[in-house]
Amino acid sequence: MTLEQLTAKTYKKLKDQDFGGGEGRQLAIQVDLTGKIGGVFYIEVKDSCVSVMPYEYLDRDAILAVTMTNFDRMLTGKLDVKQAYVDGKLKIEGDVEKVMELARHFG
């Protein structure tokens with residue numbers, strides 16, 4: 001899988017999700033892919049609209065450091081985000097609560 005394919009898959013998974021909060025609601029998570037296939041992308045929810053773009057996000061709530069394989073497994077529900085964090089498969093820098101809020105829409 002390429003970075004472009006993963007960002008497209010992430011957008012497809014999240015675009016129709018109800019994040020609640022409506023107007024003024026914002027969540028921005030940057031994903032730093034580690035391992036053989038590296039890269040960076042961000043997931044932003046702003047006013048209930050989802051964006052997934054292959055860029056760094058400077059005013060982010062958190063950064064996730066994870067392999068592409070493990071991110072894909074979390075996105076599809078094959079790997080629990082909390083368990084990945086506890087097991088060291090996922091590193092979080094920043095607002096852990098916002099990451100877990102986003103993770104509720106995985107699987």
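## The largest pocket

The largest pocket of this predicted model holds about 160 Å³ of space. A pocket is found on a 1 Å grid over the protein atoms alone, as an open set of points where a 1.4 Å probe fits, with protein on both sides within 12 Å along at least five of seven lines. Grid points are joined across faces, edges and corners, and the volume is the space filled by probe spheres set on the points.

Lining residues have an atom within 4 Å of a point; among them are Met74, Leu79, Lys82, Met100 and Phe106. Helix H3 (81-86) and helix H4 are the elements that give two or more residues to this lining. The lining divides into 6 nonpolar, 2 polar and 3 charged residues. Here Ala, Val, Leu, Ile, Met, Phe, Trp, Tyr, Cys and Pro count as nonpolar, Asp, Glu, Lys and Arg as charged, and the others, Gly among them, as polar.

## The sheet

The model has an open sheet of 5 strands in the order S3-S2-S1-S4-S5, with mixed pairing. Strands (E, at least two residues) and helices (H or I, at least four) are DSSP runs numbered from the N terminus, and two strands pair if DSSP finds at least two bridges between them. Strand S3 (49-53) and strand S5 (91-94) are at the edges with a single partner strand each, so one side of each has no neighbour in the sheet. On average, neighbouring strands are turned by 15 degrees against each other, direction ignored.

Strand S1 (residues 26-34) runs antiparallel to strand S2 (residues 39-46), and 8 bridges join them. Glutamine 26 has lysine 46 in S2 as its bridge partner, and isoleucine 29 has isoleucine 43 in S2. The hairpin of S1 and S2 has 4 residues between the strands, and its glycine 35 takes a positive phi near 95 degrees. S1 and S4 are parallel, paired over 6 bridges; glutamine 30 has isoleucine 63 in S4 as its bridge partner.

## Helices across the sheet

Helix H1 (residues 3-14) lies across S1, S2 and S3, at about 20 degrees to S2. Helix H4 (residues 96-103) lies across S1, S2, strand S4 (62-67) and S5, at about 90 degrees to S1. Contact means heavy atoms within 4.5 Å. Axes are lines fitted to C-alpha atoms, for helices over the stretch in contact, and angles run from 0 to 180 degrees between N-to-C directions.

## Record and basis

UniProt lists residues 29-104 for "domain: SCP2" in an unreviewed entry; its positions are given in the numbering used here, feature names are shortened, and annotations may be inferred rather than shown by experiment. Over residues 29-104 the chain is 29% helix and 38% strand.

Residues are numbered from 1 along each chain as its sequence is written, and side-chain values use heavy atoms, without hydrogens and water. Local features need pLDDT of at least 70 and side-chain atom pairs count only at pLDDT 80 or more, while totals for chains, interfaces and linings use all residues.
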